[in-house]
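Work through the exercises below with the sequence and the 3D view at hand. Try each task before you read its solution.

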Amino acid sequence: MIRVMGRTRKGRGPLARARGAARQILALMVLAGSLLLAAAFVGVTAPSNALAREKDALTAEIARLDADLAAKQAQLAQKQTDAYVIGKARDQGYVRPGEALVTVQGVDAKRPAAGGEQGPGRLAKWWAVFFR
């Protein structure tokens, strides 16, 4: 007999020991089942989360490509206007019928300013072009 807090208690019998062992085995089985379920949950949610991140990245890339496409379509539409084509033709030196092309030459830094030494006049240049 065992005496606990003023009470006497008999030793555990074989049936009580079997119940205690069964409880421990049951607790271990519940723990193992819980761990198995947790591992399965992690195994399912980890790829799901990876797919969600990849989906978000692809969605962002699609949005960026859509913006690029819209910008290029706007450039194309602008370049197909008559005003753009006429401007580019004028840059190349083309003129419309009835128009004249006028160019302005810049002042060279090596060329002396007005009132200084002057080279041959226009008439002398024409004479040199046609008669020499």
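Residues are numbered from 1 along each chain as its sequence is written, and side-chain values use heavy atoms, with hydrogens and water left out.

**Exercise 1. Confidence**

Find which element of the protein chain has the lowest mean pLDDT and which has the highest.

Solution. Start with the term: pLDDT is the predictor's confidence in each residue, from 0 to 100. The protein chain averages 83. At least 70 is reached by 82% of the residues. Now go element by element. Strand β1 (residues 2–4) has the lowest mean, 57. Helix α1 has the highest, 92. Where pLDDT is low, the predicted coordinates should not be read in detail.

**Exercise 2. Layout and surface**

State how many helices and strands the protein chain has, and what share of its residues is buried.

Solution. Helices (H or I, at least four residues) and strands (E, at least two) are DSSP runs, numbered from the N terminus. The protein chain has three helices and two strands. Along the sequence they follow the pattern β-β-α-α-α. Next, burial. Buried means under 20% relative accessible area, exposed means over 50%, and partly exposed lies in between (1.4 Å probe, protein chains only). Of the 132 residues, 0% are buried. Last, the area, from the Shrake-Rupley method with a 1.4 Å probe; for residues, only the protein chains shown count as cover. The accessible surface is about 12,800 Å². Carbon and sulfur atoms account for 62% of that surface.

**Exercise 3. Salt bridges**

Count the salt bridges, and say where Arg64 and Asp68 lie.

Solution. Side chains of opposite charge can pair when their charged atoms come close. The rule asks for a side-chain nitrogen of Lys or Arg within 4 Å of a carboxyl oxygen of Asp or Glu. The count is two.

- Arg64 pairs with Asp68 at 3.4 Å, N to O. Both lie in helix α1 (residues 14–79), four residues apart, about one turn of the helix. Arg64 is partly exposed at 46%, and Asp68 is partly exposed at 34%.
- Arg90 pairs with Glu99, with the closest N and O atoms 3.0 Å apart. Arg90 is partly exposed at 43%. Glu99 is partly exposed at 33%.

**Exercise 4. Aromatic pairs**

Decide for Trp126 and Phe130 whether their pair is stacked or tilted.

Solution. Rings of Phe, Tyr and Trp (its six-membered ring) pair if their centres lie within 6.5 Å; planes under 30 degrees apart count as stacked, over 60 as edge-to-face and the rest as tilted. The structure holds two aromatic pairs. Trp126 and Phe130 sit 5.5 Å apart, centre to centre, with 5 degrees between the planes, so the pair is stacked. The other, Trp127 with Phe131, has 4.4 Å between centres and 40 degrees between planes, so the pair is tilted. Trp127 and Phe131 both lie in helix α3, four residues apart.

**Exercise 5. A nonpolar patch**

Name the residues of the nonpolar surface patch.

Solution. Patches are made of residues with over 30% relative accessible area and no salt bridge: like charges are joined within 9 Å, nonpolar side chains (Val, Leu, Ile, Met, Phe, Trp, Tyr) within 5 Å. Trp126, Trp127, Val129, Phe130 and Phe131 make a patch of about 670 Å². Trp126 lies in helix α3 (residues 122–131). Trp126 is exposed at 51%, Trp127 at 52% and Phe131 at 58%.

Methods
This is a predicted model: local features need pLDDT of at least 70, side-chain atom pairs count only at pLDDT 80 or more; totals for chains, interfaces and linings use all residues.
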